[in-house]
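This report describes the fold of one protein chain and then turns to selected residues. Please keep the sequence and the model at hand while reading.

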Amino acid sequence: MRAHNFGAGPCTLPLEVLEEVQAEFVDFDGTGMSLIEMSHRSPEYEAVHDAALGLAREVAEAPEDFEVLFVQGGATLQFAMVAMNLLALEQKAGYVVSGSWGKRALEDAEPHGDVYSAWDGKADSYTRMPRSAEIDIRAGTRYLHVTTNETIGGIRMVDIPELGVPLVADMSSDYLARPIDWRLYDLVYGGVQKNLAPAGMAVIYVRRSALDSARKDLGSFLRYSWHAETRSLGHTPPMFSIYIMGKVLARMKRGGGIRAVEKTAAEKAAVLYGVIDESAGFYRNPVDPAVRSHMNIVFRLPEEALEKEFLAASEQAGMVGLKGHRSVGGLRASLYYALPMASVEYLAEFMADFQSSHG
Ligand SMILES: Cc1ncc(COP(=O)(O)O)c(C=O)c1O
């Protein structure tokens, strides 16, 4: 039996993809070896690689003037790499600090350029997103960095700021689960281990004009332009992540693409917010309702002891990953792309039953 996996990443992957991988694992396409045993220069692997690059562009609906890159190191490397590449000496970058990840992005960029906090939601305990008018853009700002979904706080940026400054976005935890308004961005990045693939890399979409003006005085791996020039094959890429991501993206495409993913995500989230809102305060979600995440639903119970009991009982009932992030406590259900609606309904029913017996 499959677990109901509400993990915040790594997390559940589509069962049909796992089964397909299993079926072809030991002997990929008659080669007598698994895909991860073969050369990354082999025609078989290159076909998988190019198909994944193509699907990453197609599903995201990325325009031709964006390059798609696969880079090891996850989103954390991108925190530094963005500033290293895009910030010239006389330029600045603003960061919207909407939670833990926005803060990390700013801190990791600090050694690499003149970066500043353009808005910080700390006063409201990171429960809301800024209005455009609240964002402070200083003269000489090369880009404004935003986090489209704060995985720990369970808050999403609904209105993407249009302030005449190119955006850079960390989309790790709602990657390809909502359409991307490409006009606004110079660069979009995210780790793959939530909606797309096993951990091991980030997918980056970068505007070609931003590559042209990027810094060149960096080691090859640290230059976006090098990954673009080599089709992310300049070194040994994370083949397993790319291989599985290709299958997940193909499934997204078959299912109706990014808009269908978005619609299902909203429906799944609405089920749990419904239970929370109808619980007469037994379950509490601290986030401004207008910007509640569709991916990470955070909630508290009246007492910590009850939360512990809830968690233990949920595990007994076959659910995993419901513990809130260690920095904030409480509970968190992550409803990424591959999590079936049936798992969400199972949790919703469990929450209602738990309230009946403990409320
Ligand atoms: C929004 C966000 N940004 C960045 C990261 C860090 O990503 P990685 O672990 O791929 O470096 C995470 C991880 O959970 C995240 O949720």
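Leaving aside its neighbours within four places in sequence, with which residues is valine 248 in contact? The partners are Leu13, Pro14, Val17, Asn195, Leu196 and Tyr337, where contact means heavy atoms within 4.5 Å.

**Basis of the model**

This is a predicted model, in which local features need pLDDT of at least 70 and side-chain atom pairs count only at pLDDT 80 or more, while totals for chains, interfaces and linings use all residues. Residues are numbered from 1 along each chain as its sequence is written, and side-chain values use heavy atoms, with hydrogens and water left out.

**Overall architecture**

The protein chain contains 10 helices and 13 strands; these are DSSP runs numbered from the N terminus, with helices (H or I) of at least four residues and strands (E) of at least two. The radius of gyration is 21 Å, close to the 21 Å that the globule rule gives for 359 residues, so the protein chain is as compact as a globular protein of that length. That radius is taken over C-alpha atoms, and the rule is 2.2 Å times the number of residues to the power 0.38. Along its principal axes, the C-alpha trace spans about 60 × 60 × 30 Å.

Of the 359 residues, 55% count as buried (under 20% relative accessible area, with exposed over 50% and partly exposed in between; 1.4 Å probe, protein chains only). Among contacts with a separation of 6 or more, 66% join residues 24 or more positions apart.

**Surface and charge**

The accessible surface comes to about 14900 Å², of which carbon and sulfur atoms account for 52%; the areas come from the Shrake-Rupley method with a 1.4 Å probe, and for residues only the protein chains shown count as cover. There are 35 positive and 47 negative side chains, and the centres of the two sets lie 3 Å apart. Lys and Arg count as positive and Asp and Glu as negative, without His or the chain ends; each charge is placed at NZ of Lys, CZ of Arg, CG of Asp or CD of Glu.

**Buried positions**

Valine 248 is found in helix H7 (residues 239-254) and counts as buried, at 0% relative accessibility.

Histidine 227, in helix H6 (residues 224-229), is buried at 2% relative accessibility. A polar atom of the histidine 227 side chain lies 2.7 Å from the backbone oxygen of phenylalanine 221. Beyond four places in sequence, histidine 227 touches Leu69, Phe70, Val71, Met81, Ser220, Phe221 and Ser232.

Glycine 154 is in the loop between strand S6 (149-150) and strand S7 (155-156), and at 0% relative accessibility this residue is buried. Not counting residues up to four places away in sequence, the residues that glycine 154 touches include Tyr273, Val287 and Arg292.

**Backbone features in loops**

The peptide bond from glycine 9 to proline 10 is cis, with omega near -5 degrees. Proline 10 lies in the loop between strand S1 (4-5) and helix H1 (15-24).

Aspartate 29, which is not a glycine, has a positive phi of about 50 degrees. This aspartate 29 is in the loop between H1 and helix H2 (43-60) and is exposed, at 63% relative accessibility. Arginine 231 has a positive phi near 55 degrees; arginine 231 is in the loop between H6 and H7 and is partly exposed, with a relative accessible area of 36%.

Note on methods
Polar contact = N/O pair within 3.5 Å; in protein donor to acceptor, adjacent residues only side chain to side chain.
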